[in-house]
Every structure is written in C-alpha cells, then in structure tokens.
Amino acid sequence: MQESGVKPANASVKDLGIKEGKAHWNTSPEELAQIAVNLGQAKFTNTRAIAIDTGEFTGRSPKDKFTVKDNLTKDTVWWNNFNIPFESDKFEKLHQKVLNHFNGKEFYVRDVYACADPRYRMNIRVITELSWSNLFAGNMFLRPSQDELLSFQPEWTILCAPSFKADPTIDGTRQHNFSIIDFTRKVILVGGSGYTGEIKKGVFSALNFILPEQKNVLSMHCSANIGEAGDTAIFFGLSGTGKTTLSADPNRKLIGDDEHGWTSDNVIFNFEGGCYAKVIDLSAEKEPDIFRAIKAGALLENVTFKNGSDEVDYTDGSKTENTRVSYPIEHIKNIAKPSFGKNPKNIFFLTCDAYGVLPPISKLTPGQAAFHFISGYTAKVAGTEAGITEPTTTFSACFGAPFMPLHPTRYAEMLSQKMQEANVDVWLVNTGWSGGPYGVGSRMSLKYTRALITAALNGELKNISFKKHDIFGVAMPTECPGVPTEILDPKNTWADKEAYDQKANNLAASFNKNFEKFAEFANQEILAGAPRVRENV
C-alpha cells in the first residue's frame with residue numbers, strides 16, 4: 001500500500017494498532033495543505049497560508065478533558081474541575097474504538113518531539129484523520145531531521161479523530177467530544193472535536209506532570225526571549241494579556257511564545273517548535289512579526305475573508321473571537337537557535353486588569369511573586385456590544401490551571417526556589433486599563449508597556465525610587481524613561497480617587513477570596529504576599 005513522506009524503517013500501519021488503511025507518513029506541509037484544499041476542507045489565502053474551520057468547537061472544552069486515574073496518578077494528580085478522573089478500563093475500550101475508527105481509511109502520521117533541551121526530549125507520534133490536523137502538529141512541535149525520522153521510535157502516541165463521536169452512556173465521557181490523557185499507556189485521545197489546540201494542550205498537560213514529578217524541571221505556561229548579553233526573560237500570562245506580543249522584541253531573540261521548562265541548571269527551553277497566535281484584529285502595524293509569519297505552511301482557523309477575495313478579514317470575529325494561526329517558529333526572523341537560553345534575569349507576570357487598579361509595572365517580593373503566580377489573575381471584558389461594560393474577574397492558577405495536573409503550590413514552590421537561586425527580578429505588568437475601569441478609562445498604551453519592560457530588562461529601574469501600593473503592597477517605580485510619570489501610580493490617573501480606592505479594595509478582596517482554597521498549602525512568606533483589604537473604604 002503506497003505511503004507518502006519519510007517513513008521510519010520497518011514501521012507499518014499495524015504498528016499503529018490499526019489493522020489496515022492508507023497511512024501518509026510525515027507528509028510535507030505543502031502536500032498536506034494541498035490535500036485539504038483539494039478535499040474542500042481548506043482555502044488558500046492571498047499569502048498562501050490555508051484557512052480552515054474547526055467545526056462545532058472553536059476552542060478547548062475543559063469540561064471534556066480527562067485524566068486516567070490509576071496507580072501512577074491517583075495520589076499525585078490534583079483532582080478538580082480541570083483534572084477530571086477517567087476509569088482505566090473505560091479508556092482501554094475507548095482507545096480501541098478510536099483505533100477501529102481509522103481502519104480502512106486514509107489517514108496521516110506525523111513524527112515529532114517536544115522539549116528543545118535534548119535531555120528531556122519526548123518523541124510523539126500523532127495520527128490524524130485530517131491532513132490539516134497533521135499540518136498543525138507539524139507546525140507546533142519540534143521537527144526531527146530526515147535521518148532522525150528513519151530511526152524514529154515514539155514514546156507517546158496521539159490519536160486525533162474529529163469525526164469520531166463517543167457515546168457517553170457507554171464510553172464514560174460527558175458528551176460526544178473528549179480529550180483524555182493516559183500517563184501509564186502514554187496515549188492521548190482526542191475525539192469529536194476538530195479544534196487543533198486540544199492536540200497542543202494535551203502534550204502540555206502531559207509535560208506539566210512528567211517534568212516536575214519525574215525530572216525536577218519546572219514546566220511553565222509562558223513565553224521567553226533572550227538578550228544580546230545572554231539574559232533570558234520569561235513572560236507568564238493568560239490569553240489576551242500580551243504574552244506573544246511582548247516577547248516578540250526586535251532587540252531580543254524569541255525562544256518560544258507559550259510553553260517552556262526551567263531546569264535545575266537554569267536552562268529555559270521551549271517545549272514546542274511553533275507558535276499558536278490569536279489573530280483577531282491582527283494588523284501589520286500592531287504585530288508585524290505575526291502578520292509576516294502567515295505565509296505558506298501556516299494554518300489559519302475560523303477566520304473569514306473580505307468580500308469576494310482571498311484576503312483574510314482579521315477584524316471579523318463572527319465565527320469566534322478565538323481566531324488563530326499556527327506556524328513553525330522559523331517563520332519568525334529573530335529567534336534563538338536552538339530554542340533555549342540560560343541565565344534567567346527577569347520574570348514578568350502579565351495581567352489585563354480591566355478594572356484599572358493595578359500599576360502598569362510593579363516589582364514583587366518573593367512572597368508576592370508566589371502569591372500572584374498561584375493566583376494567575378486577569379480580567380476579561382464581557383463583550384464588545386453596546387452597553388456591556390462589566391469585566392469578568394478570572395483567576396487561573398499558575399497562569400494555566402486547565403493544563404496543570406499537580407497542585408498549584410507544587411509549581412509555585414519550584415518557581416520560588418528557582419527565582420531565589422537565580423536572583424531574578426519579578427515584575428507584575430498590567431496591560432489592561434488606566435484612568436478608570438473598562439468603559440471609563442482607556443487601554444494601556446502598548447508603547448508605554450514596551451518601554452517599561454525594556455527599562456526593566458536593561459536595568460534602568462534598579463537605581464530609582466519605588467513606593468508601595470496602599471492595598472496590594474507592590475513596589476511602583478516613580479519614574480521610567482519614555483513613560484509619563486503620572487501613569488506609574490494608577491490612582492493618579494483616576495479623576496475620582498475614592499472610586500479608585502473602592503475598586504482596588506474590591507479587587508483585593510477577590511484575590512483573597514480566590515486564594516482561600518490554596519491557603520492551607522501555602523507558607524507564611526506566600527501568605528504575606530497577599531493584598532491588604534482596607535476597612536472603611
């Protein structure tokens with residue numbers, strides 16, 4: 001049976017657990033894109049990227065993400081709303097049903113690996129029923145050389161079958177779609193959903209268990225870059241806070257935009273070989289690196305086109321606000337090769353505070369850093385429709401709770417230890433609102449945010465004076481090159497100072513309420529990093 005691309009020596013369809021079918025092994029990005037277009041599943045854009053629709057699901061489905069509970073995981077995984085247990089015997093039966101789903105069909109096999117540091121490399125075989133899902137895997141993970149492919153031996157297997165629908169009454173799922181990790185069998189099943197992010201986040205979730213638990217490596221939901229002096233900077237942040245944008249710095253080389261490890265010998269390494277960026281409202285002016293990366297080989301998801309053309313309309317969020325593009329990291333010019341760095345010197349916690357309370361930048365003590373890391377705060381604007389002005393407070397532990405199998409304090413303790421050993425400076429950066437909350441104030445200028453981060457990276461904030469925030473206790477610089485002094489203390493930007501104090505107090509109370517579920521696991525230094533709610537405000 002004819003198979004395309006580079007096939008590992010002696011590999012066969014039966015090795016995959018599939019009785020028969022036509023497997024396309026490690027097919028080129030160009031061929032995968034053309035197949036999707038020929039089948040009517042994709043359209044070429046004017047830049048020769050392809051655009052696809054992921055179907056029913058245009059984002060992850062956290063309530064349908066499961067972890068097999070067995071002897072390896074029962075006492076180590078923090079079982080909660082994100083880490084939902086799944087029975088091992090039910091997984092075995094569902095695994096076989098998904099394998100049977102591929103029988104007699106044409107499908108695509110991609111051999112890739114995660115972790116740029118070769119000491120922690122994880123070989124992954126991704127089997128997909130759609131060519132564009134396979135293109136995504138090739139974009140997002142690290143790509144073996146031709147010689148490496150010939151001798152490739154997978155450690156983990158991912159099966160991705162969007163058209164396979166589970167029967168919850170028989171299979172043990174919540175509904176027809178599912179993403180399930182089995183750490184013992186080293187298998188990830190994705191079914192019933194075409195959203196490609198399930199593939200990426202499945203591997204991230206696996207590494208978030210394996211690296212801290214078995215390798216003494218801190219896994220992080222962050223971007224990272226490295227300066228000419230060899231200093232590495234790390235950017236934590238939830239979606240929409242600027243993680244991808246702010247790590248793409250023309251004066252620093254990008255290590256990666258989303259997922260990294262931090263080793264005991266202070267190496268920061270990328271898990272991935274690509275970027276998965278939001279493209280809603282994308283423009284060449286606002287984010288030139290991402291805009292230029294959307295070319296042949298890139299995969300756009302759930303976008304629309306300008307009338308009668310093959311030009312993408314990035315302003316249109318009618319399908320979803322979560323429009324995305326995946327592309328190999330080599331599509332970005334200024335990257336670190338290989339994608340890791342040493343000597344971490346600065347960590348930035350990015351938050352989009354829609355209440356206009358937090359300073360544009362502030363320095364954190366080790367206790368405050370651990371508190372804010374465990375909290376993982378941002379605020380999402382409720383919508384863009386007229387009259388909707390109330391933002392939604394969001395806390396996601398370690399800036400990535402849905403992907404963290406261990407208890408958040410495990411990651412926080414590792415981060416605290418590494419921060420102190422490496423003597424890094426930790427900064428809280430508000431990329432959200434200033435001069436009032438959403439609907440009253442205005443979004444923080446990207447120009448000023450970049451200037452503040454550049455000043456921190458260049459050591460220009462070391463010898464200036466700081467003052468403490470009355471409620472949050474963080475240290476606010478009193479001046480910064482290229483930034484108006486009056487915006488550095490957020491209270492100064494509000495016309496109504498009493499309203500500011502009330503809003504800050506309310507946000508502080510939300511932080512402390514959220515932290516109650518972690519308090520019994522936190523030490524005194526972390527607890528001392530909490531904001532102080534003021535009475536009579």
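# A walk through the model

Start by selecting Ser375, which is buried with a relative accessible area of 1%. Buried means under 20% relative accessible area, exposed over 50%, and partly exposed in between, using a 1.4 Å probe and protein chains only. Before you go on, note that this is a predicted model, in which local features need pLDDT of at least 70, side-chain atom pairs count only at pLDDT 80 or more, and totals for chains, interfaces and linings use all residues. Residues are numbered from 1 along each chain as its sequence is written, and side-chain values use heavy atoms, with hydrogens and water left out.

**Stop 1: around Ser375**

Ser375 sits in helix α9, residues 366-375. Helices (H or I, at least four residues) and strands (E, at least two) are DSSP runs, numbered from the N terminus. Which residues touch Ser375, leaving aside its neighbours within four places in sequence? Select Phe395, Ser396, Ala397, Phe511, Asn514 and Phe515 to see them. Contact here means heavy atoms within 4.5 Å.

**Stop 2: the sheet of 8 strands**

Now colour the strands of an open sheet in the order β1-β6-β7-β8-β10-β9-β4-β5, where the pairing is mixed. Two strands pair if DSSP finds at least two bridges between them. Strands of a sheet pair through backbone hydrogen bonds, either parallel or antiparallel. At the edges you will find β1 (21-25) and β5 (84-87), each pairing on one side only. On average, neighbouring strands of this sheet are turned by 25° against each other, direction ignored. For such angles, axes are lines fitted to C-alpha atoms (for helices over the stretch in contact), and the values run from 0 to 180 degrees between N-to-C directions.

Zoom in on β10. How many of the residues of β10 are buried? The count is 5 of the 5, so β10 is largely enclosed by the rest of the structure. In a regular strand the side chains alternate between the two faces of the sheet. In β10, Val187, Leu189 and Gly191 point one way while Ile188 and Val190 point the other way, and all are buried.

Next, show the partners of β10:

- β8 (residues 156-161) runs parallel to β10 (residues 187-191), joined by 5 bridges. Ala161 stands opposite Gly191, and Cys160 has Val190 as its bridge partner.
- β9 pairs with β10 in the antiparallel sense over 5 bridges. Here Phe178 has Gly191 as its bridge partner.

The hairpin of β9 and β10 has 4 residues between the strands, and Lys186 in this hairpin takes a positive phi near 60°.

**Stop 3: the largest cavity**

The structure holds 3 cavities of 30 Å³ or more, and about 70 Å³ of space lies in the largest cavity. On a 1 Å grid over the protein atoms alone, a cavity is a set of points where a 1.4 Å probe fits but cannot get out, and a pocket is an open set with protein on both sides within 12 Å along at least five of seven lines; lining residues have an atom within 4 Å of a point. Grid points are joined across faces, edges and corners, and a volume is the space filled by probe spheres set on the points.

Which element gives the most to the lining of the largest cavity? Helix α6 does, with 4 residues.

**Stop 4**

Move to the second largest pocket, with a volume of about 390 Å³. Of its 25 lining residues, Thr27, Ser28, Pro29, Glu30 and Arg110 are the closest to its centre. At least two lining residues come from each of α1 (29-38), β6 (105-114), α3 (131-140) and α4 (146-150).

**Stop 5: the sheet of 5 strands**

Finally, select the open sheet with the order β2-β3-β17-β20-β16, whose pairing is mixed. Its edge strands are β2 (42-44) and β16 (274-278), each pairing on one side only. Inspect β17 (residues 299-301) and β20 (residues 324-328), which run antiparallel and are joined by 3 bridges. Leu299 stands opposite Ser326 in β20. To finish, bring back α1, which lies across β2 and β3 (50-52) and runs at about 115° to β2.
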